[in-house]
Amino acid sequence: MEIDFLQYQVRNGDTLTSIASRLGMTGEELKLFHNSHCQKMDTVWFENLNSVKTIFVPTDFKTKEQKEQERKNSLPNQLSDSFFAKIYTVDETFESPFESNVNIKYAVELNLRKDKNTGQYILNYLQKDFKSNGDAPDDKVSSLSITCMQSIMPLEFIVNEQGKITGFADHKKIIVTFSKQRKELEEFYVGEVSQYYMDTFEKSINDEMFLLRQFQSTLLFQTLFPKIDWFQKKTKWKEFFYLVQNSFPVQCEITIEQENIEKDSVSTIFNGKIIELCTSQEIMRGIQLKESTPEPASGNIIVEYITHTKNKNLLQAKASVLLTHEEEFIHQHHINITQG
């Protein structure tokens, strides 16, 4: 019930329903509101108000329909070039019982625009300033890996109206760009290992679908680029997620909850529980077998978004993936994406 209220002086012929109708309420809603604010001896139980002198009424009552409309209006309902900030800081942590934890931090620059000729959204995407466990990567393989990826950036992705990345704006440009950059890379990164890595990298970027899936299967892309219609859902639904990069998408059952954390922002939390009949080992290896699964995978993915209620801007996004086997965790991945 609303907190703000005033005392209404009951007039001859007034009833709960007649007063309530002027407020956009039902008689039952008005009765409950009055009884929750008045002294015990002043409670009312009947439609007739002949013996009642005053009744408490809300000053800003909202029907369920109005509240639902306000909820919808406070959340993103379509993709726009104002949804993303220009830069986000990303903090990722990988945890495994078999290896030491790994923490990486980096920045992501975004520029979303709508192509006037095609009507498609084009996303200009750039990653930079990598740090691993607090320091810039100093081993040769990690340094080469980051350098190769940065050599083809910024990348341009095609994004549909629902916010899903569907392809590259110009895949051939990526291939040509790396071919030109490789000559400079080979002057700094010498040796058979470096040559083999660059050969492998060049082969992978030549395969457009493989390269796209490498991005789409990351927790970063799945978190940073949600389907906009998720925010408007109220009931459970099914969705596919990559719980491990370069694995296969796993079907999850999604529940949603929303709450205003501040006057100008709202938190939307999606909780996905694995319902696919596959094992955790299959997910980790990226190979889905056709045989029946006696011990289906157990785990979930939780994604939280904080968006601005007026301009619908994405202020922050967080996600966590947990995979378990026989009640023991085998993989955890956390990501925190913040503006600036």
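This is a guided tour of a predicted model, stop by stop.

**Stop 1: the largest pocket**

Start with Phe-94, Ile-104, Ser-145, Thr-218 and Gln-245. Of the 43 residues that line the largest pocket, these are the closest to its centre. The volume of this pocket is about 1,300 Å³.

Now colour the elements around it. Strand E3 (87-96), strand E4 (99-114), E5, H4, helix H6 (192-206), helix H7 (208-216), H8 and E13 each give at least two residues to the lining. By class, that lining has 21 nonpolar, 17 polar and five charged residues.

**Stop 2: the second largest pocket**

Select Lys-164, Gln-216, Gln-222, Lys-227 and Phe-240. They lie nearest the centre of the second largest pocket, which 13 residues line. Its volume is about 400 Å³.

Which elements give two or more residues to this lining? They are H8 and E8. E8 gives the most, with three residues. The lining of the second largest pocket has eight nonpolar, two polar and three charged residues.

**Stop 3: the cavity**

Next, show Asp-81, Phe-84, Ala-85, Lys-86, Leu-110, Asn-111 and Leu-112. These residues line the largest cavity. The count is one cavity of 30 Å³ or more, and the volume of the largest is about 30 Å³. Its lining splits into four nonpolar, one polar and two charged residues.

Keep Phe-84 selected. This cavity-lining residue also belongs to the aromatic cluster at the next stop.

**Stop 4: the aromatic rings**

Together they form one aromatic cluster. The structure as a whole holds 21 aromatic pairs.

Zoom in on Tyr-125 and Phe-157. Their rings form an edge-to-face pair, 6.0 Å centre to centre, with 75° between the planes. Tyr-125 lies in strand E5 (residues 121-132) and Phe-157 in strand E6 (residues 155-159), so the pair ties together parts that are 32 residues apart in sequence.

Move to Trp-230 and Phe-241. This aromatic pair is tilted: 5.8 Å separate the centres, and the planes make an angle of 55°. Trp-230 sits in the loop between helix H8 (219-224) and strand E8 (237-241), while Phe-241 is in strand E8, eleven residues apart. Trp-230 is buried, with a relative accessible area of 5%. Phe-241 counts as buried, at 5% relative accessibility.

Then select Trp-237 and Lys-233. Lys-233 lies over the face of Trp-237, 5.1 Å from the ring centre.

**Stop 5: backbone details**

Switch to the backbone at Met-153 and Pro-154. A cis peptide bond joins them, with omega of about 5°. Pro-154 is in the loop between helix H4 (140-151) and E6.

Go to Asn-133. Although it is not a glycine, Asn-133 has a positive phi of about 55°. Its place is in the loop between E5 and H4. At 47% relative accessibility, Asn-133 counts as partly exposed.

Now pick Glu-327. Here phi is positive as well, about 65°, and again the residue is not a glycine. Glu-327 lies in the loop between strand E12 (314-325) and strand E13 (328-339). Is Glu-327 buried or exposed? Glu-327 is exposed, with a relative accessible area of 76%.

**Stop 6: Val-10 and Leu-49**

Finish with Val-10, in the loop between strand E1 (5-9) and helix H1 (16-23). Val-10 counts as buried, at 18% relative accessibility. Beyond its neighbours within four places in sequence, Val-10 is in contact with Leu-49, Val-52, Lys-53, Thr-54 and Ile-55.

Follow the contact to Leu-49. Leu-49 lies in the loop between helix H2 (27-37) and strand E2 (54-58), and counts as buried at 2% relative accessibility. Leaving aside neighbours within four places in sequence, the contacts of Leu-49 are Val-10, Asp-14, Thr-15, Leu-16, Ile-19 and Val-44.

Last, draw two C-alpha distances. Val-10 to Lys-183 spans 87 Å, for residues 173 apart along the chain. Leu-49 to Thr-200 spans 83 Å, for residues 151 apart in sequence.

Key:
Residues numbered from 1 in each chain as written. Predicted model: local features only at pLDDT ≥ 70, side-chain atom pairs only at ≥ 80, totals over all residues. Heavy atoms only, no water. 1 Å grid on protein atoms, 1.4 Å probe; cavity = no way out; pocket = protein on both sides within 12 Å on 5 of 7 lines; lining within 4 Å. Points joined across faces, edges and corners; volume = space filled by probe spheres on them. Nonpolar A, V, L, I, M, F, W, Y, C, P; charged D, E, K, R; others polar. Phe/Tyr/Trp six-rings, centres within 6.5 Å; stacked < 30°, edge-to-face > 60°. Helix = DSSP H or I, 4+ residues; strand = E, 2+ residues; numbered from the N terminus. Buried < 20%, exposed > 50% of the residue type's maximum accessible area, 1.4 Å probe, protein only. Lys NZ or Arg CZ within 6 Å of the ring centre and 35° of its normal. Contact = heavy atoms within 4.5 Å.
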